[in-house]
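Hi,

Here's the structure I promised to pass on. Have a look at it first, then read my notes below.

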Amino acid sequence: MTITIQVPPWRVGVDVGGTFTDLVVADSDGRTDVFKVPSVPADPGEGVINALTRACAELDQPMEKFLGDCQFFLHGSTVATNTLLEGKGATVGLLTTHGFRDSLEARRGLRKDPWDHRTPYPPVLVPRYLRQPVRGRIDAEGNEVEPLNACDVRAACALFRDEGVESIAVCLLNSFVNSAHEEAVAEILTEENVCDWVSVSSDIVPIMGEYERSSTTAVNAYVMPRVASYLTALQKKLIDMGLKTKLLMLQSNGGAASLDQLIRQPVNLLLSGPSAGVGAMQHLSSGIGEDNLVSMEIGGTSCDVMLMHEGRVAITDSLSVNDYDLVTPSVDIHTVGAGGGTISGIDGAGLMYAGPEGAGANPGPAAYGLGGTRPTVTDAHLVLGRMRPGPYAGGSVTLDLSRAEKALDDEIANPLGISRTEAAAGLIRIVEQNLLHAVERISIQRGYNPGRFMLIGCGGAGPMHGASVGRRLGARAVYIPRQAGAFCAIGMQHADVRRDFVHVVMRELNGEAMEAIADGYLRLETQALEALQNEGFDKKDTEFGYELDLHYEGQQWDVGVALKPDATLDEIRTSFEAEYDRQFGHTNPESRINVAKLRVVGIGKLPLLEDPKFEAVDTTPEPIETRPVYAESAGEFLETPVYRGTDLHYGQGFGGPAIIEEATTTILMGPGDRVGVDALNNYIITFEGEG
């Protein structure tokens, strides 16, 4: 690859995906280089070190000097998510209020699909004998109506010790309005020293909702030992190798925080990695002057879709991972099992399917030659001429056309009595339909017209499908970052440090509530500033966002609105009803509005990373070859020019069909599409009849 970075200090972002680990290095002039290695699912840290080793080798830098010149080291990890998905967490004990022992297992008593009475819920993370009741009661107003019984806590500790409990969760009734009992329990647990890991709900998720608070705290306790051990060991290894700065982790909210801040709250890392796309979208938005964007980030295993409306990516409090319900600030991401490694086959009814199962990094697609025999999306693209046999992803794997052909023949074409081409094209057609539905889910179903948005095709596989999905979606255009294959790792380069703080209010929106809101904002802002100062930020480098969650009287679910801290009563109502109308198509002006909770978002601004400047050229680019490539719209193979990405520069453009081969991805354009290189040195694809 051609090395572009030159001037230290460096900024490093590492994203560990299901198939590849991406490492992006940016220098002080904003130039970036991408290094890709296969992930190591058994030890993600090994993948991080492998990526660093490769980067240092290609940059001709000693590891100690490279890490010593590193200004920021940001990491997105799937360890918390995988721990929960794989059921490999800690043995957890739960202390809960007497009478509420079974709330964790009873959930809310509702099924997401009311017609499905058979599908079981996932295993309860804390078995009943380890869910120990504690006498003592705080009422809904925060008053103590029954003293805490310390003997119950100590008896539970004795049981936990005998049963080998590794992590303890504490969730007592109404602790979100008065945490005194939980604090007293935490002190006793420290004295008893049953285990090193304690999760207290009033510290982690101080919100109303007994089940959601219990579930979130239990998940935090479940993943904490494994996540903390992995990240602590990785940070120590990096420091021993020469790193002089803190290890920053990407949180589910799209912002970064130091390991010191997150070690006790790993539940905030469940979307670490995919959430880094927020930083990339915000950077692209400012660079191209577009604030309505939808990103379709397709990797080897899944597709993550995010939407930016008027410059803001939505944050949600509600998150479900493997059907475990959580309340934690998270980027609103919709994920489907559709990626380069998505496996296809024939179901029991004799119909072709694609996904959600993926081949992962090992054995990977059949074309990798690592033992996979079932056809994947990558194999289909290879058979259709859209990808080139040979070294792939910087040489980390090699694509073997004959293996891809055999997998499609054996698993689909021969059993169905169709041609290999029909099998490959059908596989792609099914996957792209799934991708289209995923984008519609986060746009049309949320009340947004996709015709107002630009679609970002990113991830290693996104640019292969971006033009096709964008055309069918009716998007204005499709934007392809030149380094699309490392979209999330690049996003880490542009992420700020972020901390979210929540306070429950629970009252009618009126003059008295305005005083409570102002007091709450002041208290949360003080907490946010203290947290950011502990991260090393001066007050001048911080900023704060203010939000309210509101609902009409009698409703259960809230609508969140962003506001100025000094917003008036009328301004709050107007903002709420505008958002309510956008989501549901009507308002109720006669109804009273209730405030549920308020939130302050503290942002620690990292130094901006400026884009390098590029000179426009007016020459006509020349393809490096022409080869037969299957075009869906034509239903046949067309002689298609293939361009080398490094030969294309700002100001150049041409029409499709065409293929552009980049270091981290391949871009596919159909007949009638047109591509141009913009001032950021990235690609914009427009469709026939458009500008």
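One term before we start: a salt bridge here means a side-chain nitrogen of Lys or Arg within 4 Å of a carboxyl oxygen of Asp or Glu. Keep in mind, too, that this is a predicted model.

With that term in hand, take Arg107 and Asp323: their side chains form a salt bridge, at 3.7 Å from N to O. Arg107 sits in the loop between α4 and β6, and Asp323 in the loop between β16 and β17, so this pair ties together parts that are 216 residues apart in sequence. Arg107 counts as buried at 14% relative accessibility, while Asp323 is partly exposed at 26%.

Another pair is Arg131 and Asp102, with 3.1 Å from N to O. Arg131 belongs to strand β6 and Asp102 to the loop between β5 and α4, so here the linked parts are 29 residues apart. Arg131 is buried, with a relative accessible area of 0%, and Asp102 is partly exposed at 33%.

Over the whole structure, the search turned up 45 salt bridges.

Happy browsing!

Conventions:
Residues are numbered from 1 along each chain as its sequence is written. This is a predicted model: local features need pLDDT of at least 70, side-chain atom pairs count only at pLDDT 80 or more; totals for chains, interfaces and linings use all residues. Side-chain values use heavy atoms; hydrogens and water are left out. Helices (H or I, at least four residues) and strands (E, at least two) are DSSP runs, numbered from the N terminus. Buried means under 20% relative accessible area, exposed over 50%, partly exposed in between (1.4 Å probe, protein chains only).
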